[in-house]
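Please look over the structure below before reading on. The report then walks through it site by site.

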Amino acid sequence: AKDEGGSSYHFYTLAMNEQVRHRLEVEGHLRHALERNELEVYYQPIVNTVTRQVSGVEALLRWHSETLGAIGPDTFIPIAEQTGIINDIGDWVLTTGARQIADINRRLGLSLKLAVNVSPRQFRNNSIVASVLKVLESGIDPSMLEIEITEGVLLGNHPETLALLAELKQMGIDLSMDDFGTGYSSLSYLKNLPFDRIKVDRSFIRDIETDKEDLALVKAAIMMASGLGLEVIGEGVESEPQYRVLADIGCDYIQGYLFSQPVDAQAFEAYLRLQMTT
Ligand code: C2E
Ligand code: CA
Ligand code: CA
Ligand code: CA
């Protein structure tokens, strides 16, 4: 058994080295992704549960590296976050997303709200406020913008982060708590911070038709949100039965493959046109 342990340790370090090497490779290419035009903003509709109308859209970043191929945000966002590259990338997503959705709104006579994911690092050096100001100066209405943060942003309870959230709120930007239910202290955060919406994580939605506990938790989240004056978005809705359950228990908005996968700006506009004619 000892010998096996020895060799598996050896194997383990090799695997580790491989991991580190891959990470460094991704990091190296990520640094140039922006200037090489390899990033693209995809859009996924957020649908009003009662009217079934699209009311908003979430920006989801995509990276197609010339050398490494397509790499998912779950892989490259954490690296961008650790290296600080997220500040430039996050600024680019906000600027590009706001411009593309404002154009679509104008062409189609809509007023969709754009939700953008913001990482903890973008709060640490105020880069998020600078980015938002830049977008507002370009003539975008603040009521068109929403920022999604996870509890990671709030961990450590830095007074500066709380001040920045209040500042964004004062500028007229909406705030959403993303991945709701997956962290620890959501309740006190929701009481003390200026959130407008919570997004219930898709892990609670997946089995909601069959799992009584998931159903109970989502119901409780909706009741609590309504008591706090917050709206609720159900994430990762893939089927009509899931939609029905969420509509029945009063979930305000739905997002998921049932309506559309995230798609590029052109496909998103085509999707909206189709919705408007049917
Ligand atoms: P998230 O913010 O929770 O985004 C929702 C994720 O669920 C997206 O994955 C979306 O494609 C996926 N999704 C939506 N509907 C369904 C569904 O019905 N079924 C399933 N199975 N999945 C669904 P994606 O695009 O791979 O993004 C992963 C995560 O990467 C995001 O999770 C977010 O945390 C992060 N991310 C993406 N874009 C950005 C960005 O521009 N900035 C930052 N900071 N993070 C981003
Ligand atoms: Ca999100
Ligand atoms: Ca989420
Ligand atoms: Ca269960």
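## Ground rules

This is a predicted model, in which local features need pLDDT of at least 70, side-chain atom pairs count only at pLDDT 80 or more, and totals for chains, interfaces and linings use all residues. Residues are numbered from 1 along each chain as its sequence is written, chains are lettered from A and ligands numbered from 1 in the order in which they are written, and side-chain values use heavy atoms, with hydrogens and water left out.

## The calcium ion called ligand 2

Four residues hold the calcium ion (ligand 2): E58 (OE), N117 (OD1), E148 (OE) and D178 (OD), at 2.1 to 2.3 Å. Donors here are N, O and S atoms within 2.8 Å of the metal, or 3.2 Å for Na, K and Ca; water is not among the atoms, so sites may look incomplete. Along the sequence, the spacing of these donor residues is E-x58-N-x30-E-x29-D. E148 lies in strand 5 (residues 145-149) and D178 in strand 6, so this pair ties together parts that are 30 residues apart in sequence. Strands (E, at least two residues) and helices (H or I, at least four) are DSSP runs, numbered from the N terminus.

E148 is buried, at 2% relative accessibility. D178 is also buried, at 7%. Buried means under 20% relative accessible area, exposed means over 50%, and partly exposed is in between (1.4 Å probe, protein chains only).

## The calcium ion called ligand 3

Which residue coordinates both the calcium ion (ligand 3) and the calcium ion (ligand 2)? D178 does, and the two ions are 4.0 Å apart. The protein donors of ligand 3 are D178 (OD), D179 (OD), E235 (OE) and E235 (OE), lying 2.2 to 2.5 Å from the ion. Their sequence spacing reads D-D-x55-E.

E235 sits in the loop between strand 8 (231-234) and helix 11 (240-248), while D178 is in strand 6, so the pair ties together parts that are 57 residues apart in sequence. Both D178 and E235 are buried.

## The calcium ion called ligand 4

The calcium ion (ligand 4) is coordinated by D211 (OD), D211 (OD) and E213 (OE), at 2.5 to 3.1 Å. Are these residues buried or exposed? D211 counts as partly exposed, at 22% relative accessibility. E213 is exposed, with a relative accessible area of 59%.

Ligand 1 is surrounded by 21 residues, and the closest are R62, S119, R202, E238 and Y257. A residue counts as near a molecule if one of its heavy atoms lies within 4 Å. A polar side-chain atom of D178 lies 3.1 Å from an oxygen atom of ligand 1. For D179, a polar side-chain atom is 3.2 Å from an oxygen atom of the ligand. Y257 uses a polar backbone atom, 2.8 Å from an oxygen atom of ligand 1. Taken alone, ligand 1 exposes 800 Å², and the protein buries 84% of that.

The space taken by ligand 1 is the largest pocket. Strand 2 (54-65), helix 2 (73-83) and strand 6 (174-180) are the elements that give two or more residues to the shell around ligand 1. Strand 2 provides the largest share, four residues.

## D174 and its partners

D174 is found in strand 6. This residue is buried, with a relative accessible area of 11%. Its side chain makes a polar contact with the side chain of K113, at 3.0 Å. Another polar contact, of 3.1 Å, joins the side chains of D174 and R197. A polar contact is a pair of N or O atoms within 3.5 Å; within protein, one must be able to donate a hydrogen and the other to accept it, and residues adjacent in sequence count only if both atoms are side-chain atoms.

## Two positive phi angles

Most residues other than glycine have a negative phi. N37 has a positive phi of about 65° although it is not a glycine. N37 is found in the loop between helix 1 (2-33) and strand 1 (39-48), and is exposed, at 66% relative accessible area.

R52 is not a glycine either, and its phi is positive, near 65°. R52 is in the loop between strand 1 and strand 2. R52 is partly exposed, with a relative accessible area of 37%.

Key:
Accessible areas come from the Shrake-Rupley method with a 1.4 Å probe; for residues, only the protein chains shown count as cover. On a 1 Å grid over the protein atoms alone, a cavity is a set of points where a 1.4 Å probe fits but cannot get out, and a pocket is an open set with protein on both sides within 12 Å along at least five of seven lines; lining residues have an atom within 4 Å of a point. A molecule sits in a cavity or pocket if more than half of its atoms lie within 2 Å of its grid points.
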